[in-house]
Amino acid sequence: MTKREYVKYLGDIIDEVIDLDVESDDLRHQFYEYFQAFMPNGTNIEKVFKPIKEGNLYHKRLLQIFNATKGIFNELAAEGKTPAYFCPAPTKNKELLLLYGEKYIENLTLFSKITADQEFIDTMTQIKTVEISDLDVRTNKNDTNAIVYESISDWFIDNTDYEATIEVLSEAYYAINCDYNLSYYFQYPSYKEKINFDVFEPYFKIWEMGYYCWFNQGKLVIGK
């Protein structure tokens, strides 16, 4: 199935009417918030991946967002609201958050060596601790976080097969929560030949527990 055939197929399997331009040079942006059409339970989401090689791997991952967020969706729906993004409820289990934070540091340290980006490697060797912040302010605008973010982005830009049919959904993945790292987790089957471990699984687990994380001055910060 070509990209253009896949675009038409994706448009036909949802109830909502979307204005698709199958002749567009950039098909990805037409599917921003596409997965939101399957809220809250992910019903029929398996059809999205039926034409994709190893589509069951993508499907299995994506189902997790509906399981994590349908509770809040139903609460908002009862108030007549519809969430624009997928947002899980925050956990009270901070010990588990710390464990996932430590695992995320470990994974990114290994990943930095795969990228062979020396600045990334050096930065990750300086990350020693995990801190949980109860403040509603994110301190992610700093040099440490910028280095990590840019190094990750550069590797994925260089190692993405932009001709692959599944790439049509890259913006849909980003729009889950406007988070590239989260999108990389859900798209891991596309990269598993180049990364032999699930590098962003701890990041996803932190998000699934209602938190986000970023780097700042030798530590990983987990906060809201």
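Which residue just after H8 takes a positive phi?

1. Gly-210 is the residue in question: just after H8, its phi is positive, at about 85°. The model under review is predicted, and the remarks that follow should be read with that in mind.

2. Helix H8 spans residues 201–208. Six of its eight residues are buried, so H8 is largely enclosed by the rest of the structure. The buried set consists of Pro-202, Tyr-203, Phe-204, Lys-205, Ile-206 and Trp-207.

3. Two packed helices are described by the angle between their axes and the distance between the axes. For helix H3 (residues 94–115) against H8, the angle is about 155° and the axes are 8 Å apart. An angle over 145 degrees counts as roughly antiparallel, and H3 and H8 are therefore roughly antiparallel to each other. Their crossing is left-handed. On the H3 side the contact is made by Leu-97, Tyr-100, Gly-101, Lys-103, Tyr-104 and Asn-107, and on the H8 side by Pro-202, Tyr-203, Lys-205 and Ile-206. By class, these residues of H3 and H8 comprise six nonpolar, two polar and two charged.

4. An α-helix has 3.6 residues a turn, so residues three or four places apart point the same way. Among the H3 residues that touch H8 are Leu-97, Gly-101 and Tyr-104, and the list also includes Tyr-100, Lys-103 and Asn-107.

5. Helix H2 (residues 55–78) packs on H8 at an angle of about 25°, with the axes 10 Å apart. Angles under 35 degrees count as roughly parallel, and H2 and H8 are therefore roughly parallel to each other. Gln-64, Ile-65, Ala-68 and Thr-69 of H2 meet Phe-204, Trp-207 and Glu-208 of H8. The contact of H2 with H8 is made up of four nonpolar, two polar and one charged residues.

6. The structure holds 28 aromatic pairs. One of them joins Tyr-185 and Phe-186. A pair of aromatic rings is described by the distance of the centres and the angle of the planes. Here the centres are 5.2 Å apart and the planes stand at 70°, an edge-to-face arrangement. Both Tyr-185 and Phe-186 are buried.

7. The loop between H1 and H2 deserves a look at its backbone. Most residues other than glycine have a negative phi, and most peptide bonds are trans. The peptide bond that joins Met-39 and Pro-40 is cis, with omega about 0°.

8. Glu-33, placed between H1 and H2, has phi near 65°. Glu-54, also found in the loop between H1 and H2, has phi near 55°.

Technical notes. Residues numbered from 1 in each chain as written. Predicted model: local features only at pLDDT ≥ 70, side-chain atom pairs only at ≥ 80, totals over all residues. Heavy atoms only, no water. Axes fitted to C-alpha atoms, helices over the stretch in contact; angles between N-to-C directions. Helix = DSSP H or I, 4+ residues; strand = E, 2+ residues; numbered from the N terminus. Parallel < 35°, antiparallel > 145°, perpendicular 65-115°, else oblique. Left-handed = near helix turned anticlockwise from the far one by under 90°. Contact = heavy atoms within 4.5 Å. Nonpolar A, V, L, I, M, F, W, Y, C, P; charged D, E, K, R; others polar. Phe/Tyr/Trp six-rings, centres within 6.5 Å; stacked < 30°, edge-to-face > 60°. Buried < 20%, exposed > 50% of the residue type's maximum accessible area, 1.4 Å probe, protein only.
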